[in-house]
Amino acid sequence: MILWLIMAALSAVFAGLTAILAKCGLNKTDSDVATALRTAVVLALSWIMVFIAGSAGTITEITSKSVIFLILSGLATGASWLCYFKALSAGDVNKVVPVDKSSTVMAVLLAIVLFGETNHLAIKLVGTAVLAAGIFLMIEKKSAEAKETKRAWFPYAMGSAVFAALTSILAKVGISDVESNLGTAIRTGVVLVMAWLIVFMKGKSAELKKLDLREVVFLVLSGFATGASWLCYYYAIQNGIVSVVVPIDKLSIVVSIAFSYFVFKEKLSKKALAGLILIVTGTLAMAVWA
């Protein structure tokens, strides 16, 4: 049990770094192109881990059910990423990330219903309610200017959250009989195909000639952080409790907001800080009583 909790925590750290590194690479680079480039890095890292783990030979043993759910999970991930990085390109990290993390509430409730993860149910429900309250405080806007900004990034951030919640549930089914590194690599392949299809369907291939080298470096680093986060995350959900792993992974919000303060000078209001404290409290409560 200890190992999957550690992996879930590491997933949060790397996921938090992902948002910051990606934001640094989105000043001039189109968000769809950035997603496609990052996914290529994640795919390479995923397959390297597959061969290091020696699980490549088990690919012929994957059932058709697992393949279907891995593909569906990959499509959900691709949709979530496209929405997420579009939102990051238009809004502040400390605004986008909390909305994206609202996927936690949906994922926990779905895990309870679909997988029967009802141990310490009262704690999970209370923790989820505290999470929801914290998220609400963090995304609430005060000024007319903020409401105007909301129109640009908020729908994409919400789309990212919905698809991220579906990703966790579909992946849990898809990797139930598949080695976690191999499952991650297969899913990433689906995301890569989807991401590049979006780039070419939207006629954005010309953007590749305009890439800024500095931003490409940040996107590559973001891809490595994402790959590391995924490898830890899917090990955790395969061997642990989804309704506990998902909230711990979402503690990446602390890493993201801390770096957004030091790197982008994005400050939290007192209300948003209270929301962050509630999110951390609810998450830790569910982890401690796992």
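Helix H11 covers residues 252–264. Its 13 residues reach 17 Å from first C-alpha to last, close to the 18 Å expected at 1.5 Å a residue. The expected span is 1.5 Å times one less than the number of residues in the helix. Helices here are DSSP runs of H or I with at least four residues, strands are runs of E with at least two, and both are numbered from the N terminus.

This is a predicted model, in which local features need pLDDT of at least 70 and side-chain atom pairs count only at pLDDT 80 or more, while totals for chains, interfaces and linings use all residues. Residues are numbered from 1 along each chain as its sequence is written, and side-chain values use heavy atoms, with hydrogens and water left out.

Stay with H11 for a moment. Its buried residues are Ser252, Ile253, Val255, Ser256, Ile257 and Ser260. Buried means under 20% relative accessible area, exposed means over 50%, and partly exposed lies in between, with a 1.4 Å probe and protein chains only. After H11 comes Lys265. The phi of Lys265 is positive, near 60 degrees.

Now step back to the whole chain. The protein has 12 helices and 0 strands. From the N terminus on, its elements run α-α-α-α-α-α-α-α-α-α-α-α. The C-alpha trace spans about 55 × 55 × 30 Å along its principal axes. How does the radius of gyration fit a compact globule of 290 residues? Such a globule would have a value near 19 Å, and the protein has 18 Å, which agrees. The radius is taken over C-alpha atoms, and the globule rule is 2.2 Å times the number of residues to the power 0.38.

Next, packing and surface. Buried residues make up 54% of the 290 residues. Contact means heavy atoms within 4.5 Å. Among contacts between residues at least 6 apart in sequence, 90% join residues at least 24 apart. The protein exposes about 12,500 Å², and carbon and sulfur atoms supply 71% of that area. Accessible areas come from the Shrake-Rupley method with a 1.4 Å probe; for residues, only the protein chains shown count as cover.

Ser222 gives a local view. It lies in helix H9, residues 213–239. Ser222 counts as buried because its relative accessibility is 0%. Leaving aside residues up to four places away in sequence, Ser222 touches Thr18, Leu21, Ala22 and Arg38.

Finally, the cysteines. Cys83 counts as buried at 15% relative accessibility. Cys232 is buried too, at 8%. The structure holds 0 disulfides, a disulfide being a pair of cysteine sulfur atoms within 2.5 Å.
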